[in-house]
Amino acid sequence: MSDKSKASKAEKTNVMRILDQKKISYGYHCYADTNAISGMDVAATLGQDPAQAFKTLVTVGKSGQHYVFVVPVYKELDLKKAAAAVGEKNIEMIKSKELLPLTGYVHGGCSPIGMKKFFRTTIDISAKKFDRIFFSAGKIGYSVEVSPEDIEKVIRVEFKDIAE
């Protein structure tokens with residue numbers, strides 16, 4: 001595991017800068033020089049438990065509101081559970097082309113921290129089983145390792161059963 005103090009300024013992502021500003025302890029990992037694309041590939045490349053590695057998904061509800069869900073990379077978002085968690089009749093994934101203008105992130109580099117605008121964020125309850133979880137650092141090829149409690153110090157999150 002790399003320590004944040006070893007990250008050069010050139011390697012730092014906005015997520016890392018936000019964590020630094022909030023004085024949150026985190027680890028960071030770079031896999032930019034690998035062929036890892038999927039969350040499962042990234043977890044394997046970095047030697048992480050897939051249950052501890054999370055992906056960030058952006059959805060839109062029937063109301064037109066956007067929501068962010070963070071689930072383990074080896075699971076899928078249960079759309080019914082997710083809709084119930086945020087009080088919507090139903091939700092659907094946003095189109096890939098909408099991700100960058102909406103969040104400031106590209107597919108494969110989306111993080112729950114540092115989006116252009118804050119969206120209601122729900123993390124799968126399984127994250128609470130771990131001292132630290134891994135998720136994108138906001139750029140393809142980089143991930144951060146943060147405690148679930150520390151994520152709550154940076155953005156408002158809820159922990160609910162949302163994965164299948």
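**Entry 1: a strand partner**

Which residue is the bridge partner of G61 in β5? I looked it up, keeping in mind that the model is predicted, and found I91. That pair belongs to a set of three bridges between β3 and strand β5 (residues 91–93). The two strands run antiparallel.

**Entry 2: the other neighbor of β3**

I then turned to strand β4 (residues 66–72), which also pairs with β3 in the antiparallel sense, here over seven bridges. Within this pairing I found V58 opposite V68 of β4. The hairpin of β3 and β4 leaves four residues between the strands, and there I noted G64 with a positive phi near 95°.

I also asked how many of the eight residues of strand β3 (residues 54–61) are buried. The count is seven, so the strand is largely enclosed by the rest of the structure.

**Entry 3: the chain as a whole**

Stepping back, I listed five helices and nine strands. Following the sequence, I wrote the pattern down as β-α-β-α-β-β-α-β-α-β-β-β-α-β. The radius of gyration is 15 Å, close to the 15 Å from the globule rule for 164 residues, so I logged the chain as being as compact as a globular protein of that length. I noted spans of about 45 × 30 × 30 Å for the C-alpha trace along its principal axes.

For burial, I have 49% of the 164 residues down as buried. I put the accessible surface of the chain at about 8500 Å², and carbon and sulfur atoms hold 50% of that. I checked contacts too: among those with a separation of 6 or more, 61% are between residues 24 or more positions apart.

**Entry 4: salt bridges**

How many salt bridges does a search of the whole structure find? I got eight, and I followed several of them up.

I began with D161 and K81, whose side chains meet at 3.2 Å, N to O. This pair links distant parts of the chain: D161 lies in the segment after β9 (157–160), K81 sits in helix α3 (residues 79–86), and the two are 80 residues apart.

Next I looked at K128 and E152, a salt bridge at 3.7 Å, N to O. K128 is in the loop between β6 (120–124) and β7 (133–136), while E152 is in helix α5 (residues 148–154), 24 residues apart in the chain. I noted K128 as partly exposed at 37% relative accessibility, and E152 as partly exposed with a relative accessible area of 38%.

My next pair was R132 and E145, which meet in a salt bridge at 3.3 Å, N to O. R132 comes from the loop between β6 and β7, and E145 from strand β8 (residues 142–146), with 13 residues from one to the other. Why did I write E145 down as buried? Its relative accessibility is 8%, and the cut-off for buried is under 20%.

Terms used
Residues numbered from 1 in each chain as written. Predicted model: local features only at pLDDT ≥ 70, side-chain atom pairs only at ≥ 80, totals over all residues. Heavy atoms only, no water. Salt bridge = Lys/Arg side-chain N within 4 Å of Asp/Glu carboxyl O. Buried < 20%, exposed > 50% of the residue type's maximum accessible area, 1.4 Å probe, protein only. Pairing = 2+ DSSP bridges. Rg over C-alpha atoms; globule rule 2.2 N^0.38 Å. Contact = heavy atoms within 4.5 Å. Areas by Shrake-Rupley, 256 points an atom, 1.4 Å probe, with all protein chains shown as cover.
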